[in-house]
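Please go through the following briefing with the structure open. The points are grouped by topic.

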Amino acid sequence: MSIPRRLFLQQFAASGGCFVVSALLRPLSAHAQAIRTESNRFAFAQGVASADPQPDAVVFWTRVTDTRAAASIPLTLQVSTGDSFDELLVEEVVAADASVDHTVRCFVDGLSPDSFYWYRFLAPDGYASRVGRTRTAPSDIAPACLNLAVFCCQDYETGFFNAYRQLVLDDAARPVADRTHLCLHVGDFIYENVGKTLRTMDGVRSELANRDGSARTIDDLPSGGQVDSRNQLIPTSLDDFRHIYRRYLQDEALLEARALYPFVCIWDDHELVNDYWQSYGPNGPIADLKVAANQAWFEYIPAALTSSRPGPAGVNDARDFSFADVTAVGPGEFDDHYLSLEENNRKAIGSLTIYRSLTWGRDVDLMLLDSRSYRGARGVEDSLLANDDGVAAYPAAPLDPLLIRTLNAGRTANDGNPPATIGVFGREVPNPRLDRPYGSLLGETQKEWLKQSLVNSSARWKVICNSVPLMRFGFDNSFAEQGHKSGLYYTDSWDGYPVERTELMSFILDRGLANVVSLTGDRHANFAGVVHDDFDFGAGRAVIPEFAGASVSGGCRFKIQRRLMRSDPALDELTTCDGEAIGYIYRQAPLMNGWMLFGAETAREFGANYDRESALALADDEVNPHLAYADCDAYGYYRISFLDDALRTEYVVLPEPVENMLVSESAARRRVHFEVQVWQPGDEPEVRLAATNGESPFLGLKTR
């Protein structure tokens, strides 16, 4: 073991609840025995998990509770090459301390590449946790495909986590060699806003209950919480965040998936608060809350951070949680990438660093990003985004993308001569970014790490794992007086940071990099397409393919868009149409699929006459030409296989998850398959529809 690696492991072991264990060269045959009955004292209600597999190491995790409220509980970790645990490679006593909510993270090295392992934890009385199964990565020189299942946006109160159940069923039906290797979660593992009133796709209020009869709600937060603008509670303390994670991790399907597959996780915004940047939320500074959310994430989401390998960039900036005593104050001065230099902000975001890389054999490098901690304020001021329910998240109508670019560029706009005023919805207002730096989404250090990782990677597939999409999502309202064919709503994703998106795509082109792919979620819908080097000027070039996945259970995009559009009849009629009139699964159908893929005239024509042929005859090829697939009433997950000559993606679409899926019953509404062939530097990647199974996505595929 090299000195830097040994030093990193020493630093990992110094963190609360973290342990380093080396596997034995010869298995133990005599070991502690597990009891098969329920314990009267101990419980593992949040199950077990493994994470971030390396060729020789994996992180193992659990949480234990004790009816006697002991401050520290000794647990025995056992790791074996079989599920009978007759012989053990690891038997180590570790302490689950109250200071980390009785969670433990065990980094076990000395394992063999590309191998399955079974593991469990034993309580002091011998009571055993459920058995987990994991696997190590192939060696760095081994040719190996990667089958990756991608998840995002799981809201405990608005639906069951059926997507994980479907993955397990799908894998059981596959040949062993084709089964899923890893689960990638790209953010919104929890939702911080609790106490929701659920309304289903058909407008019916529904009270959800788990299989054991318990209400599917988050109980009162320990601190009492704070009431937000939607009359929901948001956390105000570390114990509040811990409370939410505990509840989420009692979902049956999630428990099973975390036990069966190693997980690789990044965060988005709801692990802290909606639409935050650095340590600032929509209502002001939240440095103390950022530290609390970071600690809870670190305790409940296992990951190899300090203990991760350097990866293609040659450096490892990821670091385990370290408590920071901070005060929530305003941002003060900014650097040239819009990073607040205020000390409390720097300490809060530095308390946990999660961007890192993961290598799968010689063919796949995963580059895992943090899209929240270093970003500047989004491209559009909150004052321009207020909508009718008081939530500063979306504009009243689609915005001119060049306006957003000007705001995002700040004082660098127009070659350093930014306009003093800007035009917004027919009025001239002072430019609020006149003296501000341009808004980076990644921050200078992380962006340079990503560039270096891309350049240095020798893998066939270089995979950017993003919590927010790089693709543009334009809305055609060119029929309006000041409308645009690519008016923008979603300025909290890369659409609000177009300057840096252009920089990254141009970098990939200029360096002659091929077979770079983006995987993402966040939009609560399925999208597939390509990212252009520049969406604002000229036709642009397709640089990389991107696949964005629907939510596990967070309200789907169609549901959200209906609420946003209801105050504007001209936009509302492009969003939805009568589902019953066309025999759709729900009372209203997602006309917005057609609006996004083919333009306003197609959507309006279909909504009026329900004639697909006449509607598609009006399709405008200038509307989102980079999008191949839009599926805005979808829930589920997608699975992507990285092969020698191509990547293949399967979107698995489930009904709204308001019914708990049976253990042995597939619920898939449809499966949509895409393929991308490997491409050479200078060529443009093409996302090609390969097949559909089940019902077709409603006006959701760009095929005539």
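What share of the 704 residues of the protein count as buried? The figure is 61%, where buried means under 20% relative accessible area, exposed over 50%, and partly exposed in between (1.4 Å probe, protein chains only). The model is predicted: local features need pLDDT of at least 70, side-chain atom pairs count only at pLDDT 80 or more, and totals for chains, interfaces and linings use all residues. Residues are numbered from 1 along each chain as its sequence is written, and side-chain values use heavy atoms, with hydrogens and water left out.

**Overall build**

- The secondary structure comes to 15 helices and 34 strands; helices (H or I, at least four residues) and strands (E, at least two) are DSSP runs, numbered from the N terminus.
- The protein is as compact as a globular protein of its length, because its radius of gyration is 25 Å, close to the 27 Å that the globule rule gives for 704 residues. The radius is taken over C-alpha atoms, and the rule is 2.2 Å times the number of residues to the power 0.38.
- Along the principal axes, the C-alpha atoms fill a box of roughly 80 × 55 × 55 Å.
- Of the contacts (heavy atoms within 4.5 Å) between residues at least 6 apart in sequence, 73% join residues at least 24 apart.

- Four strands form an open sheet in the order 7-6-9-10, with antiparallel pairing; two strands pair if DSSP finds at least two bridges between them.
- Strand 7 (90-97) and strand 10 (132-135) are the edge strands, each pairing on one side only.
- Strand 9 (residues 116-122) is joined to strand 10 by four bridges, and the two run antiparallel. One of the residue pairings is that of W118 with R133 in strand 10.
- S129 sits in the loop between strand 9 and strand 10. S129 is buried, with a relative accessible area of 8%.
- Not counting residues up to four places away in sequence, S129 touches F44, V48, R120 and F121.

**Helix 14**

- In helix 14 (residues 600-609), the buried residues are A600, T602, A603 and F606.
- These residues line one face of the helix, because they fall within an arc of 165° seen down its axis; the arc is that of the directions from the helix axis to the C-beta atoms.
- Their cover includes strand 28 (577-578), helix 13 (592-598) and helix 15 (612-616).
- Y610 follows helix 14 and has a positive phi, near 55°.
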